[in-house]
Amino acid sequence: MCQLLGLNANTPTDVVFSFTGFSTRADEHKDGFGIAFFEGRGARVFVDAQSARCSPVADMVRRYPIRSRSVIAHIRKATQGGVALENTHPFQRELWGRTWVFAHNGDLKGYAPRLHASFHPVGDTDSERAFCWLMQELAKAHASLPSIAELTTTLRELVPGIAAHGSFNFMLSHGEALWAHCSTRLHWLVREHPFRAARLADEDLSVDFASVTTPADRVAVIVTEPLTRDERWQALAGGELAVFHDGARVL
């Protein structure tokens with residue numbers, strides 16, 4: 001299946017170190033990649049139907065330290081939908097004047113929700129259908145942008161109906177908070193003062209975070225499989241929906 005990477009921080013932060021290790025896993029997940037960097041209410045979204053191991057777009061991301069407070073990345077191993085740009089995660093939609101970004105790891109069998117005109121998939125993946133339905137139902141439930149706590153309550157009501165169709169690991173963000181739902185495997189950690197050095201599990205690369213941060217910085221990283229060997233990653237439980245804001249887990 002696909003793999004997910006998310007970052008949420010209290011100050012604009014680059015994802016070069018984490019993405020370098022994450023993209024190495026595209027040897028097995030070679031059906032496309034994508035990454036979204038939030039900037040205010042907008043998002044810079046880069047997608048390519050090529051593997052992140054050979055994509056010039058992925059190479060740019062590994063070399064160029066784009067700073068953002070919320071990032072979602074995805075490497076794809078296709079289960080539904082062909083290898084094509086329109087089927088490449090993350091997907092984005094507008095709701096309540098905010099850009100929403102979504103990426104999914106899993107396989108939803110027989111999932112064909114009723115969708116109205118405002119939210120329809122462009123491609124033919126189960127993932128984009130699920131995203132469209134979530135956006136549709138959030139729009140029905142709230143007339144304007146609700147609080148993070150209210151959004152979390154609504155998502156906890158909506159997600160089990162989708163997850164009943166199969167595995168539904170996903171990340172969702174509107175730039176302020178990042179929601180991560182686990183069906184099978186997701187891990188997370190928070191890096192904060194006192195910062196230490198860390199070494200990637202998949203690449204011979206390490207960084208001393210103390211040398212590139214301030215004591216006030218804080219960043220949460222969420223990923224399918226732990227990225228580093230020497231940090232304490234925590235596993236989310238099956239069915240758990242975690243919420244990250246300002247670089248900390250808040251719910």
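On terms: buried means under 20% relative accessible area, exposed means over 50%, and partly exposed lies in between, with a 1.4 Å probe and protein chains only.

Before I go on, the ground rules. This is a predicted model, where local features need pLDDT of at least 70 and side-chain atom pairs count only at pLDDT 80 or more, while totals for chains, interfaces and linings use all residues. Numbering runs from 1 along each chain as its sequence is written, and side-chain values use heavy atoms, with hydrogens and water left out.

Back to D246. Its phi is near 55°, a positive value in a residue other than glycine. D246 sits in the loop between β14 (241-245) and β15 (248-249). Helices (H or I, at least four residues) and strands (E, at least two) are DSSP runs, numbered from the N terminus.

W96 also has a positive phi, about 55°, and is not a glycine. Its loop runs between β5 and β6. Buried or exposed? W96 is buried, with a relative accessible area of 18%.

Why flag these? Because most residues other than glycine have a negative phi, and most peptide bonds are trans.

On to peptide bonds. H89 to P90 is cis, with omega near -5°. P90 lies in the loop between β4 (67-75) and β5 (91-95). H193 and P194 are also joined by a cis bond, omega about 0°. P194 is in the loop between β9 and β10 (197-199).

Now the helix pair. The axes of α1 (residues 16-24) and α2 (residues 56-63) come within 8 Å and cross at roughly 145°. Axes here are lines fitted to C-alpha atoms, for helices over the stretch in contact, and angles run from 0 to 180 degrees between N-to-C directions. Which residues meet? V16, F19, T20 and S23 in α1 meet A58, V61 and R62 in α2. Contact means heavy atoms within 4.5 Å. By class, that is four nonpolar, two polar and one charged. Ala, Val, Leu, Ile, Met, Phe, Trp, Tyr, Cys and Pro count as nonpolar, Asp, Glu, Lys and Arg as charged, and the others, Gly among them, as polar.

A quick check on α3 (126-141). Thirteen of its 16 residues are buried. At 1.5 Å a residue it should span 22 Å, and its end C-alpha atoms are 23 Å apart, which agrees. That expected span is 1.5 Å times one less than the number of residues.

On a 1 Å grid over the protein atoms alone, a cavity is a set of points where a 1.4 Å probe fits but cannot get out; a pocket is an open set with protein on both sides within 12 Å along at least five of seven lines; lining residues have an atom within 4 Å of a point. Points are joined across faces, edges and corners, and a volume is the space filled by probe spheres set on them.

How many cavities of 30 Å³ or more are there? The search finds one. The largest cavity has a volume of about 50 Å³. Its lining includes H89, H104 and D126.

The largest pocket holds about 360 Å³. Of its 20 lining residues, T13, D14, F209, V212 and T213 are closest to the centre. β1 gives the largest share, five residues.

The second largest pocket holds about 260 Å³. Strand β9 (residues 187-192) leads there, also with five.
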